[in-house]
Amino acid sequence: MSSRLRHPLVAVIVTLLLTVPWIGTFLSYGGYGTVHPSENIAAGLAVAVAGTAILGAAFLLAWAAETAEKDVPQAFAIAVLAVLAVAPEYAVDALYAWQAGAGSSEAGNLAVANMTGANRILIGLGWSGIALFSIYRATYTADPAVEHRSGTLADVVTLDRAISLEIVFLLVATAFAFLVPLGGGIGMVDTLVLVGLYLLYLLVIIRSDVDETEAHVGVPAYFQGLPTLQRVAVVLFGFAFSGAIIFTAVHPFAEGLEQVGLQYGIPEFFMIQWLAPLASESPELIVVAYLVNKARTTAGFNALISSKLNQWTLLIGTLAVVYSISAGSVGTLPFDSKQVAEIWITAAQSFFAIAILTNFEISTREALAVLGLFVTQVLAEFYVIRAYTEPVVTELSMTILYGYTAVYVLLGLALFVRRRDSVRELLERTALTTRAAIGRGPRPSQTEHAD
C-alpha cells in the first residue's frame, strides 16, 4: 500500500485536487472576470481557494517544463514556463492599457506602476530570495550550484554559463528601457524594438540543440519514460491546464489580498504597485523554489532570468499595442513624471543585477545588497505615503526614486569595470551561441571560467 502511495501519479492527483475548489468557484460564478472578492465571495476565502489552486498549478507547470526538456532545449522549455507563470501580470497591465486607450488618464500611470513593481519584485525579492534560499539549503543538502567559500557571507550560487545569452539580451533591453521615457510614453517604436528583441532571443534558443537533460526523479522522470506522443500530450496538457488555472485565479487572489490590505489602511496605489504584482509573481516564485528544493538551482535561476527578460521586453512592448487597439488608432501610452522615475529606477535595478551576474555568480553579500536596496526603497516610499499629503508625497517619492536610481547605476558601473574580463567572455559566449544557432559555428564550451 505504501509503495502505491509513493507512485508519481499519486502526487499528480493530489496536486490536481488542490485546483478543484477554485474550478468549482470559478464555474459557480460564471467564468473569468466575474469572481470578485469584494462583491461575490469573502476576501479571505478568495485568497485561500485561489491561492491553493495557484500552488497546485505551479507544481503542474514545473513538472510539464521538466518533462519537456527531453524533447526541446531546456532554455526554450524554461521560456515557456516563464511566460505562463507571469501571464496574469500581462493581463493586469493589458487591462490598464486598455482603459487608458478608452480615455482614462490615470490608467496609463497604473499600467506603468504595476509593470515596474512586478519587474522590481522579480529581482528584489525573486533573485535575491532564491539565491539566499539556495545557499541556506546547501548548508544541509548537497547542491552542485552552491560553492562554500571562506570569509563573511562569501558563499556563492554559480550559474550555468549557457545563461549568457539571456543575460546579454536582458542587458540590451535594460539599456533601451532607459530611453523609453524620453519618447513621452510607450509607443510603437518601443514595441518594435522590445518585442523584436524577444522574438530574436526565441529564434536563437529554439534553434539550439536539445541538451542532454539532468537526471530527473519523481513525476518528471515518470512522464519522460512515456512514449513520445503520450509525453507530448502530457506536456501540452500540463502547460494548458496550469496556465488556465494561474491566469484565472491570480486576479481574485490579488483582489482578495487588496481587500485585506484596505482593511488595514494600506494605500490603494501602493497595493497596485506592490501587492498585486507580488500575487502575480507568486506562481513563478513557487516554481523556482520547487526547482531549488530539488537541487536544480541552475534551472531555477534560468527561469527567473528568462521571466525577467520576457517581462522587460514583451510586457512593456505589448502595452502600446493594447492601448492603440483600445484608442482606435496608433498611439503612445502616456504616463506622468512619477512613472518616468519608476521606469528609470527599474532599469537601474536591472542594470545592477545584471552586473552582479556577469561573472556567473551571485554571492550571499550580493543577494543581501539587492534585497536590502529593494526593501529599504519600498519602506521609504511607504513611510512617505503614510506621513505626508500631496503634493509633498510625489516630490519626496520622486527624490527617493532618483536617489536609489543613482545608487544602482553607480554600483552597476563599478561592477562592470571591475569585471570587464567577465563581460568580455559573456559577450563572446553569446556571439558563439548565436552563430551556432544559425549553423555558422560550434557551441561555446561549458567549462570555461570567468574570474
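Visitor: Where is Gln99 placed?
Guide: Gln99 sits in helix 5, residues 87–101. Helices here are DSSP runs of H or I with at least four residues, strands are E runs of at least two, and both are numbered from the N terminus. This is a predicted model, where local features need pLDDT of at least 70 and side-chain atom pairs count only at pLDDT 80 or more, while totals for chains, interfaces and linings use all residues. Residues are numbered from 1 along each chain as its sequence is written, and side-chain values use heavy atoms, leaving out hydrogens and water.

Visitor: Why is Gln99 called partly exposed?
Guide: Its relative accessibility is 34%. Buried means under 20% relative accessible area, exposed means over 50%, and partly exposed lies in between (1.4 Å probe, protein chains only). Gln99 therefore counts as partly exposed.

Visitor: What does Gln99 touch?
Guide: Leaving out residues up to four places away in sequence, Gln99 touches Ser104 and Ala107. A contact means heavy atoms within 4.5 Å. Gln99 and Ser326 are 227 residues apart along the chain, yet their C-alpha atoms are separated by 7.6 Å.

Visitor: How do you know that the length of helix 8 agrees with what it should span?
Guide: The expected span is 1.5 Å times one less than the number of residues. Helix 8, residues 188–206, has 19 residues and should span 27 Å. Its end C-alpha atoms are 26 Å apart, so the two agree.

Visitor: Which residues of helix 8 are buried?
Guide: Among them are Asp190, Leu194, Tyr198 and Tyr201. An α-helix has 3.6 residues a turn, so residues three or four places apart point the same way.

Visitor: What is the nearest side chain of opposite charge to Asp190?
Guide: That is Lys308, 16 Å away. A salt bridge needs a side-chain nitrogen of Lys or Arg within 4 Å of a carboxyl oxygen of Asp or Glu. Asp190 is buried yet has no salt bridge. Charge is counted simply: Lys and Arg are positive, Asp and Glu negative, and His and the chain ends are not counted. Beyond its neighbours within four places, Asp190 is in contact with Phe176, Val180, Gly185 and Val195.

Visitor: How many salt bridges does the structure hold?
Guide: It holds 8. In one of them, the side chains of Arg120 and Glu342 meet at 3.0 Å, N to O. Arg120 lies in helix 6 (residues 105–137) and Glu342 in helix 13, so the pair ties together parts 222 residues apart in sequence.

Visitor: Is Arg120 buried or exposed?
Guide: Arg120 is buried, at 1% relative accessible area. Glu342 is buried too, at 0%.

Visitor: What makes Arg161 and Glu425 a salt bridge?
Guide: Their side chains meet at 3.4 Å, N to O. Arg161 lies in the loop between strand 2 and helix 7 (164–177), and Glu425 in helix 16 (residues 420–437), so the pair ties together parts 264 residues apart in sequence. Both Arg161 and Glu425 are buried. Elsewhere, salt bridges that share partners join Arg120, Lys338, Glu342 and Glu381 into one network.

Visitor: How close are the N and O atoms of Glu147 and Arg149?
Guide: The closest N and O atoms are 2.8 Å apart, and the two residues form a salt bridge. Glu147 is partly exposed, at 34% relative accessible area. Arg149 is also partly exposed, at 34%.

Visitor: Why is Phe360 called buried?
Guide: Its relative accessibility is 1%, so Phe360 counts as buried. Phe360 lies in the loop between helix 13 (337–357) and strand 3 (361–363). Its phi is positive, about 60 degrees, although Phe360 is not a glycine.

Visitor: What is the phi of Leu153?
Guide: It is positive, about 50 degrees, and Leu153 is not a glycine either. Leu153 is found in the loop between strand 1 (146–147) and strand 2 (156–158). At 41% relative accessibility, Leu153 counts as partly exposed.

Visitor: Which bond joins Glu390 and Pro391?
Guide: A cis peptide bond, with omega about 0 degrees. Pro391 is in the loop between helix 14 (364–387) and helix 15 (392–418).
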